Amino acid sequence: MSSAHARFTQAGPALLLTYLTKLTLALVPAYQLSHAHHAAPSIAPSVDLLTWLVMLPVLQPSAARDSGLVAGVAMLALAPLLRLTCLSSMVQRAPLRKHVAVAATHYLGALRVSLLCIAYAATCIAAICATGIGVETALAFTHDERLRDLAALAACLPLGCAWLHACALHDVASTQLVLRVDWRSALRAAAHATSLRIVVQSTLWSAAGAALGLAGLLLPRALLHAHGHDDSTAVLLYGQLTALAVTLLRGRWLASLVARLSR
Amino acid sequence: MSQTRLALVFWLLALTAHADDRALPRTDQRYEIDVTLDPASHTLVGSERISFVNHSQRPLRELYFHLYLNAFRDHHSVFMREGGTQLRDARLQQPGHIEITALHTQAGADLLPSAQAELVPGDRTQLRVPLPAPLSPRATLVVQVAFRAQLPALLARSGYAGEFHMVAQWFPKLARLDETSGWTSFPYHGLGEFYADFADYRVRITLPARFVVGSSGALTNTEVHGTLRTDELSASAVHDFAFAAYPYFERVEQRVQGVQVRVLAPRGYAAAAQRQLRVVRAGLLSLGARFGRYPYATLTVIIPPRDADAAAGMEYPTLFVSGGPWWALPAALPDPAQDFVTAHELAHQWFCGMIASNEVAYPMLDEGLAQWATLLQLRELYGSPPSLFAGRALPIDPFDVTRAVYLRRADPVPSSLLAVDAYRFETLARAVYLRPALVLDALATIHGEERVQRALSNYAHAQRFRHPTPVDLFASFDDVYGPGYSEQQLRPALSGTPTATLEPTRAAAAHAPTERSFFAEALLLAQTLLQGLGP
């Protein structure tokens, strides 16, 4: 039985494929966004991406929005395939093309698993939102909008828990799908296996990935610009290293999950 | 411009400001109104005594009243036909109206039978009242009016939402009497605002005692009779009077340069009220230094509750309705959601309140200049370099944002010098608000900020408590920039002449350099977003 680290190393090519796919899909909206920035009225000589994003609802660069939408849909369509490829390569050592073939075999099952997890999350969210609206309405007599909003917000706090549980369930079910053949039994096994411990671990790994991604977005400006540099190559390199690191972090979590569920 | 240089400009402007900045002019009109608000039926029943002098050069044979609540009577009014509800994205749910039930002179002549109520077919927002005998120049006429009004469910400026009542354009008011051309009366236009003579008001408002009132002018007396309360208010040298009533207002007050500033906000809005008070404090000092001190003793800011948002963003003399959510960012951070409307409506205390141009004929004179003054206030509030987002980490200039909004659509923008009925809702903002502000900013960039400031300061001081036209504005610019400058540069730019030097264009904007790292950052952002969807 391999350790999580060994499984992670074994999945290197699949993770690289994942990274390259995301890079390829991102190139189109990034180009359109950059083009829109140049073609649209310039806001300020020193404007940077995040500042400009504040303006996006105002500027509405439709080409960037549309290409972003296309890239997003393509990513959603490819996601099960890439995820299963990674998971398959963590389960057994084989050439990458064989893992892609395994992933393709399970593609429809993975789609079903994703849709059911989304349905589960949506049901939880709808119920919790209804509670929040109920609380807000019930407090109308106070004529205090802050109190009503905060109470509604507090009532909606379980939303986060439901979402995190759905995410963990999705990862566990995807892993079970590679370990078993049938998506129904994978989902049933996942429902049993998704313990509080797994949810917490999944949350921590996701938080680490989000923090890394955020740092990737913010730090180039803080570090490079603060020192008077405007080196696009350095920013590009830094950004890509961050994106790769986020993908690897995600892979490391999936590897630990495979290791745990294979026992 | 550095803050030190700005301070120096203010100081110089303050030194050269007229010594009688705080003096209010004497007016020859007086309204004494006694009104009862029934918040359960949302009705007003009142009487008014109007005393006015014929300050025109010819005998008056008629009076014109504005009955602007009739704009909300049905879908046939000019206001509704011109799409007045689009501005606040609302629909006519519960109509409102006003009816004069008695109208006679002090001598007892009944004026109502001969009055004409429908001067524009389908619209009853004006009333023409023939006089039994011509009123000679400089002669005084006193009329007694009784009226009954139904407030509409809030859809534009006036009306009610739950227990919140914004009582604006609520009483029969005389149209403006021009010295040379006679009455200037028009219906309540869909995209237009108001125009009237300066007058003194004494208003007695009776309503349930639990209601808190925020109004134009100052409270002079309060009497409680059982469950009812009567507030007596007085306002001098103002061209309108409005009030808001709501039982759940909380009050934040501060004295700024002798002005009692009062923010009335719903429960839970303490942070927003403090934030807006800070904007008003800074604005009173800044705008006062530029355009002459705010001369009134009080200034009231109303933050409406969430469901009364259609009342937000409107100015009245010594009173304005701002907007924004109950939460506010800490003072150190820019918060346009709280600051922008407040700064804009405060600027209207000058460009509308005191410099009372005809807002239907020349909307640019109040909205365009107020927009420019708003952006300057935001620039000052947010420090140097200015930033609308997250402090200095992400610098962005309010004028740049305005330029981006102005230029985001390629279709031509009509002249900024047209009357409101020439605009469509979609073009009004760009023509009337944005372009004038950008033209003045371009002027400041090309010829220096000090000269623009001087031209507008001269205009503001010369037209204080007057009713200027664009000719007066152009004359102030010609005084500073040289004879003929306005005709050669300013008017073409405001008219949207493509070759005008000061006209903001895409071609000019495209020359601004952009960061080379933009693509790299855009790529990373796209990847990060895809990460959320990815495996």
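How many bridges pair strand 1 of chain B with strand 2 of chain B, and in which sense do the two strands run? In this predicted model, strand 1 (residues 29-38) and strand 2 (residues 43-53) of chain B pair over 10 bridges in the antiparallel sense.

- Strand 1 and strand 2 of chain B make a hairpin with four residues between them. In its turn, B:His42 has a positive phi of about 60°.
- Across this pairing, B:Glu32 is placed opposite B:Arg49, a residue of strand 2 of chain B.
- Strand 2 of chain B also pairs with strand 6 (residues 140-150) of chain B, in the antiparallel sense and over 11 bridges. Here B:Phe52 has B:Leu141 in strand 6 of chain B as its bridge partner.

- Strand 14 runs antiparallel to strand 15 (residues 228-238) of chain B and is joined to it by seven bridges. Within this pair, B:Thr222 stands opposite B:Asp231 of strand 15 of chain B.
- Two residues lie between the strands of this hairpin, and B:Gly226 adopts a positive phi near 65°.

**Open sheet of four strands**

- An open sheet in chain B has the strand order 7-8-16-13, with antiparallel pairing. Its edges are strand 7 (159-161) and strand 13 (212-215) of chain B, each of which pairs on one side only.
- On average, neighbouring strands of this sheet are turned by 15° against each other, direction ignored.
- Strand 13 of chain B is joined by four bridges to strand 16 (residues 243-246) of chain B. The bridge partner of B:Ser215 in strand 16 of chain B is B:Phe243.

**Open sheet of five strands**

- Another open sheet of chain B has its strands in the order 17-18-19-21-20, and the pairing is mixed. Strand 17 (249-256) and strand 20 (314-316) of chain B are the edge strands.
- Three bridges connect strand 20 of chain B with strand 21 (residues 319-321) of chain B in an antiparallel arrangement. B:Met314 is opposite B:Val321 of strand 21 of chain B.
- Helix 3 (residues 270-291) of chain B lies across strand 17, strand 18 (259-266) and strand 19 (298-302) of chain B. This helix runs at about 155° to strand 18 of chain B.

**Domains of chain B**

- Chain B is divided into domain 1 (32-198) and domain 2 (393-510). The centres of these two domains, taken over C-alpha atoms, are separated by 33 Å.
- Eight residues of domain 1 and six residues of domain 2 of chain B take part in the contact between them. The domain 1 side has three nonpolar, four polar and one charged residues.

**Nonpolar cores**

- The largest nonpolar core has 149 residues, and those with the most contacts inside it are B:Met166, B:Val167, B:Ala245, B:Ile303 and B:Phe351.
- Helix 7 (residues 425-447) of chain B supplies the largest share of this core, 11 residues. Domain 1 and domain 2 of chain B each provide at least three residues.
- Apart from this core lies another, of 52 residues, which includes A:Ala11, A:Ala71, A:Val178 and B:Ala522.
- Beyond its neighbours within four places in sequence, B:Ala245 contacts residues including B:Leu37, B:His165, B:Val167 and B:Phe211.

Key. Residues numbered from 1 in each chain as written. Chains lettered and ligands numbered in written order. Predicted model: local features only at pLDDT ≥ 70, side-chain atom pairs only at ≥ 80, totals over all residues. Domains from an automatic or database assignment. Contact = placed C-beta atoms within 7 Å. Nonpolar A, V, L, I, M, F, W, Y, C, P; charged D, E, K, R; others polar. Pairing = 2+ DSSP bridges. Core = buried A, V, L, I, M, F, W, Y, C linked by C-beta atoms within 7 Å. Buried ≥ 20, exposed ≤ 12 C-beta atoms within 10 Å, placed from the backbone. Axes fitted to C-alpha atoms, helices over the stretch in contact; angles between N-to-C directions.
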